[in-house]
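Please prepare a short briefing on the fold, the cores and the surface of this protein, with cut-offs for the terms used.

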Amino acid sequence: MEKSEIDALKEKVAELEAKLAGGRDDTKVPASASTTTGIQPIFLTQGRRLEVFKGKPVKPGDPTVQDWIIDMKSQLAVRNLGTSEQAAFICDHLGGNARREILGRGDAVAEDVKEIFATLEKVFGSGDSLPVLLQKFFSYQQAPAEGLLECSLQLVTLYDRICFLDSSYKGSKMETLKGRLAETVYDEGLRRELRRLNTESPDLDFFELRDRALNWFGLSRKPKAATLQETSTSEKASILDILKKQGDLLEKQQRQIEALTAERSSRPKITCYYCGKTGHIQRQCKKRMADLNRANESQAITKQPASQSSAEAPKE
């Protein structure tokens, strides 16, 4: 038992002794207790030892800040401590960076339980704000390889973190979790059944709903996971086969193009016998056509005067 627990017990005993010495008894005696002495029996539970929180987890056994805060609140609930004593008890269970962070902020934080928890969550938590956590919660979907139990607990974890940042969400916790579970599971038949139960049995709480789903579906049964995996493997094989065929076809076409290009480049160049230039034949030669046109024009000019002179000669 730790020193703080011993001190708390000593204070409780001293308080009871003072009440007895003053001749007054403000304690409520349960029906099962003996009424001859007028003293209420005290039941003490040692509880499990609370770990010292030092900061963000560095090894698998280290608690997260959310888990540690939940454990700390449970420890405070079973102790009759005042506000300042609660703050001191929390600081006694801080070490390393966490202790330096809280004590370094001064008494305004170190002596306020809510400020201590809020600071630890802000500095050593995931860093997610309330809108981010809400988005994660309402968009969360069960993974194909994730069991129903793990899925439900993940929803609870997300919602508890939301409630930690804003306590107004606590009032609708069960209803919200039930609704999200019915939309989160990947099995279509289970989704329909959970929706039906939410409608027909609105008083059913979240864990009772989850337990019924586990009885129907099995604790670790994941039929869709195997089906999706097989489908995914089959689709991958089909896609790879199509890609291979397309690759072979493209390679064949590329070889044909290269062969045609090589054949064209290996042919002898066409030379015009008229002008001596390459790229065309004699009958397509523009220079030859131009020369012929000029020759025809010259011949026409030469013949025209002779015809005119013969026309003008007098007839005998």
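**Briefing: helices, cores and a surface patch**

Arg191 lies in helix α10; helices (H or I, at least four residues) and strands (E, at least two) are DSSP runs numbered from the N terminus. This is a predicted model, in which local features need pLDDT of at least 70 and side-chain atom pairs count only at pLDDT 80 or more, while totals for chains, interfaces and linings use all residues. Residues are numbered from 1 along each chain as its sequence is written, and side-chain values use heavy atoms, with hydrogens and water left out.

**Arg191**
- Arg191 is buried but has no salt bridge, and the nearest side chain of opposite charge, Glu188, is 4.7 Å away.
- Buried means under 20% relative accessible area, exposed over 50%, and partly exposed in between (1.4 Å probe, protein chains only).
- A salt bridge is a side-chain nitrogen of Lys or Arg within 4 Å of a carboxyl oxygen of Asp or Glu; for charge, Lys and Arg count as positive and Asp and Glu as negative, with His and the chain ends not counted.
- Apart from neighbours within four places in sequence, Arg191 is in contact with Ala182, Glu183, Val185 and Tyr186, contact being heavy atoms within 4.5 Å.

**Overall make-up**
- The protein has 13 helices and zero strands.
- Of the 316 residues in the protein, 26% are buried.
- Among contacts with a separation of 6 or more, 53% join residues 24 or more positions apart.

**Nonpolar cores**
- The largest nonpolar core has 26 residues, and those with the most contacts inside it are Phe137, Leu148, Leu177, Leu181, Leu190 and Leu194.
- A nonpolar core is a set of buried Ala, Val, Leu, Ile, Met, Phe, Trp, Tyr and Cys residues joined through side-chain atoms within 4.5 Å.
- Two or more residues of this core come from each of α7 (130–139), α8 (148–165), α9 (173–184), α10 (188–200) and α11.
- The most is given by α8, with eight residues.
- Leaving aside neighbours within four places in sequence, Leu177 is in contact with Phe137, Leu155, Val156, Tyr159 and Phe206.
- A second, separate core has 22 residues, including Ile102, Ala110, Ile116 and Leu120.

**Surface patch**
- Leu153, Met174 and Phe207 make a nonpolar surface patch of about 230 Å².
- Patches consist of residues with over 30% relative accessible area and no salt bridge, with like charges joined within 9 Å and nonpolar side chains (Val, Leu, Ile, Met, Phe, Trp, Tyr) within 5 Å.
- Phe207 is found in helix α11 (residues 206–217).
- Phe207 counts as partly exposed because its relative accessibility is 31%.

Note on methods: Areas by Shrake-Rupley, 256 points an atom, 1.4 Å probe, with all protein chains shown as cover.
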